[in-house]
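I opened my notebook with a simple plan: look things up one at a time and write each one down.

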Amino acid sequence: MPMPLTKIAPSLALAGALLLAAQAHAQVSVQDAWVRASVPQQKATGAFMRLTAAQDTRLVAVSSPLAAVAEVHEMKMEGDVMKMRAMPALALPAGKAVELKPGGYHIMLMDLKQPAAAGSTVPLTLVLEGKDGQRQSLEVQAPVRALGAGPASGHDAHGGHGNHRH
Ligand SMILES: [Cu+2]
């Protein structure tokens, strides 16, 4: 007995949506995501990972329930001073691994709602934009790591925090 079309159509649409979602997630792979542990009075910390996109993609926004503000930052030498600043977008060229790491590109988590506790996991939502302007969200669960970070290697060691809003 043929099914009425009205019943078939929604399920096909759903299947299509699920397929699209699966493909979207396959386009950018995330490796070694982690967040630097923070202490209670610290208002900001960094998130790091390696991103590899199958096609040219841009990371255009980040959010996390841990932080009121999350931005993609780059570190740049200005004269002798290492500074960091927010980037409107981070290019992820097809097939090329892009490292977000201390001292380089990173995701800045600011106005922390609670400390990033070592051993916990911080959810991050990456908003990725393809060449066609289509945006997709990618959920990342980043473990929090306490690095034996001396003052010299800590995220606060560089001079660029002055232009942050806190
Ligand atoms: Cu930063």
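Here are my entries, in the order I made them.

**Entry 1: the model**

I noted before anything else that this is a predicted model.

**Entry 2: the copper ion**

I began with the metal: which residues coordinate the copper ion? I found His73 through ND1, Met84 through SD, His106 through NE2 and Met108 through SD, at 2.1 to 2.2 Å.

Next I looked at the angles, which run from 92 to 131 degrees for the four donor atoms. Four donors count as tetrahedral if all angles lie between 85 and 135 degrees, so I wrote "tetrahedral" beside the copper ion. For orientation I also jotted down that the ideal angle for four tetrahedral donors is 109.5 degrees.

Then I traced the donor residues along the sequence and got the spacing H-x10-M-x21-H-x1-M. His73 sits in strand β4 and Met84 in strand β5 (residues 81-86), so this pair ties together parts that are 11 residues apart in sequence.

Are His73 and Met84 buried or exposed? His73 has a relative accessible area of 0%, so I marked it as buried. Met84 has 2%, so it went down as buried too. The cut-off I used for "buried" is under 20% relative accessible area.

**Entry 3: around the metal site in sequence**

I looked up Glu74 and found it in strand β4, which covers residues 67-78. Its relative accessibility is 11%, so Glu74 counts as buried. Leaving aside neighbours within four places in sequence, I listed its contacts as Lys83, Met84, Arg85, Met87, Gly104 and Tyr105. Met84, one of these contacts, is also a donor to the copper ion.

I then turned to Met82, which lies in strand β5. Its relative accessible area is 29%, so I put Met82 down as partly exposed. From Met82 to Gly103 I noted 8.8 Å, C-alpha to C-alpha, for two residues that are 21 apart in sequence.

**Entry 4: an aromatic pair**

How many aromatic pairs does the structure hold? I found one. Trp34 and Phe48 have ring centres 4.6 Å apart and planes at 35 degrees, so I called the pair tilted. My reasoning was that planes under 30 degrees apart count as stacked and those over 60 as edge-to-face, with the rest tilted. The pair links distant parts of the chain, with Trp34 in strand β1 (residues 28-36) and Phe48 in strand β2 (residues 44-53), 14 residues apart.

Trp34 is buried at 9% relative accessible area, and Phe48 is buried at 0%.

**Entry 5: salt bridges**

I counted six salt bridges in the structure and followed some of them up.

Asp32 pairs with Arg50, and their closest N and O atoms are 3.2 Å apart. Asp32 is in strand β1 and Arg50 in strand β2, so this bridge ties together parts 18 residues apart in sequence.

Arg50 also forms a salt bridge with Glu99, with 3.6 Å between the closest N and O atoms. That pair links strand β2 with strand β7 (residues 97-100), where Glu99 lies, across 49 residues. Glu99 is partly exposed, with a relative accessible area of 35%.

A further bridge joins Glu129 and Arg58 at 3.0 Å, N to O. Glu129 lies in strand β9 (residues 121-130) and Arg58 in strand β3 (residues 57-63), so the pair ties together parts 71 residues apart in sequence. I compared the two ends: Glu129 is buried at 13%, whereas Arg58 is partly exposed at 38%. Going back over these entries, I saw that shared partners join Asp32, Arg50 and Glu99 into one network of salt bridges.

Which backbone angle did I note for Asp32? Its phi is near 55 degrees, a positive value in a residue other than glycine.

I placed Asp111 in strand β8, residues 106-112. With a relative accessible area of 26%, Asp111 is partly exposed.

Terms used:
Residues numbered from 1 in each chain as written. Predicted model: local features only at pLDDT ≥ 70, side-chain atom pairs only at ≥ 80, totals over all residues. Heavy atoms only, no water. Helix = DSSP H or I, 4+ residues; strand = E, 2+ residues; numbered from the N terminus. Buried < 20%, exposed > 50% of the residue type's maximum accessible area, 1.4 Å probe, protein only. Contact = heavy atoms within 4.5 Å. Phe/Tyr/Trp six-rings, centres within 6.5 Å; stacked < 30°, edge-to-face > 60°. Salt bridge = Lys/Arg side-chain N within 4 Å of Asp/Glu carboxyl O. Donors = N, O, S within 2.8 Å, 3.2 Å for Na, K, Ca; no water. Tetrahedral: all angles 85-135°; square planar, octahedral: opposite > 155°, others 65-115°.
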